[in-house]
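The following note comments on a single-chain model, point by point. Please read each point with the coordinates open.

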Amino acid sequence: MRLLLIEDNRRLATLTAEGLGKAGFAVDLVHSAEDASAALAVAGFDAVLLDLGLPDADGLTLLSALRARADATPVLILTARDCVDDRVRGLNLGADDYLVKPFALEELVARIRALLRRPGAALGMVLQQGNLAFDSAARLASVAGKPLDLSRRELDALELLLRRAGRVVSKAALENGLYSFGEEVGSNAVEVLIHRLRKRLQAAGATAGVQTLRGIGYILTETPLEKGAGKEAESGE
């Protein structure tokens, strides 16, 4: 799941982004309303974490603009403004939740996941396809009830594919969901990642598998892979 964190306190922003990364989110970090608007114009996000005291505009102005163009991306306000009037105004302008600083990272993670579990949002508790299951809260994958040992990036890819099970996911969509703006992504990074994930699923006896549709993307289904389908580069991400 990809988040946009808009926070002008650079130390807090960095610490928060690092913590969210460890919790399994891809985080893009900006420090102003202008940069936030630019990021929202070029990328899709599963949720926005919005500080109100930005150097070039009030965060509520950015929130109003977001909702005015019918953008329903969940917005969680992070701010030191703790009076009731501020909370009510933020919620009335379209915020989905409101967390006052200082906050515990664990609570922030829980609130984000709660937002993304709401109807029409991105995050369910347990995703399943055949005997393959993924607990999004605990971030644990299993096959037939047995834990599946995956790297963080492999877990991220599995979650994204499970959320779109039975539908084709393009390489660009995978890159968008897995990597933030600042990360260097090799030309075959996605191919190698999917190759590793496919091998781990096959070795664990998963009844669901990832199939490659050449020039189109990837699809996770219970349908067995066709002979020779989905051959990727075997080295170097």
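1. The model is a predicted one.

2. The overall make-up may be stated briefly. Eight helices and 11 strands are assigned in the chain. The chain has 237 residues, of which 47% count as buried. Among contacts with a separation of 6 or more, 58% are between residues 24 or more positions apart.

3. D51 deserves attention on account of its annotation. UniProt, in an unreviewed entry, lists D51 for "modified residue: 4-aspartylphosphate"; such annotations may be inferred rather than shown by experiment. Is D51 buried or exposed in the model? Its relative accessibility is 4%, and because buried means under 20%, D51 counts as buried. Leaving aside residues up to four places away in sequence, D51 touches I6, E7, D8, G59, L78, T79 and K101.

4. T73 is found in the loop that links α3 (59-68) and β4 (75-79). With 12% relative accessibility, T73 also falls under the 20% cut-off and therefore counts as buried. Beyond residues up to four places away in sequence, T73 touches F45, D46, A47, V48, R67 and D96.

5. Which residues have the most contacts inside the largest nonpolar core? They are L132, L158, L161, L174, L197, V210 and L220, in a core of 28 residues. Two or more residues of this core come from each of β7 (132-135), β8 (140-143), α6 (152-163), α7 (171-178), α8 (189-204) and β11 (217-221). As a general matter, nonpolar side chains tend to be buried together in soluble globular proteins.

6. The largest pocket holds about 170 Å³ of space. Its lining consists of A17, G21, F25, A26, V27, L29, R152, R153, L178, S180 and E183. The elements giving two or more residues to this lining are α1 (10-22), β2 (26-30) and α6.

7. Which element gives the most to the lining of the largest pocket? That element is β2, with three residues. By class, the lining comprises six nonpolar, two polar and three charged residues.

Conventions: Residues are numbered from 1 along each chain as its sequence is written. This is a predicted model: local features need pLDDT of at least 70, side-chain atom pairs count only at pLDDT 80 or more; totals for chains, interfaces and linings use all residues. Side-chain values use heavy atoms; hydrogens and water are left out. Buried means under 20% relative accessible area, exposed over 50%, partly exposed in between (1.4 Å probe, protein chains only). Contact means heavy atoms within 4.5 Å. A nonpolar core is a set of buried Ala, Val, Leu, Ile, Met, Phe, Trp, Tyr and Cys residues joined through side-chain atoms within 4.5 Å. Helices (H or I, at least four residues) and strands (E, at least two) are DSSP runs, numbered from the N terminus. On a 1 Å grid over the protein atoms alone, a cavity is a set of points where a 1.4 Å probe fits but cannot get out, and a pocket is an open set with protein on both sides within 12 Å along at least five of seven lines; lining residues have an atom within 4 Å of a point. Grid points are joined across faces, edges and corners, and a volume is the space filled by probe spheres set on the points. Ala, Val, Leu, Ile, Met, Phe, Trp, Tyr, Cys and Pro count as nonpolar, Asp, Glu, Lys and Arg as charged, and the others, Gly among them, as polar.
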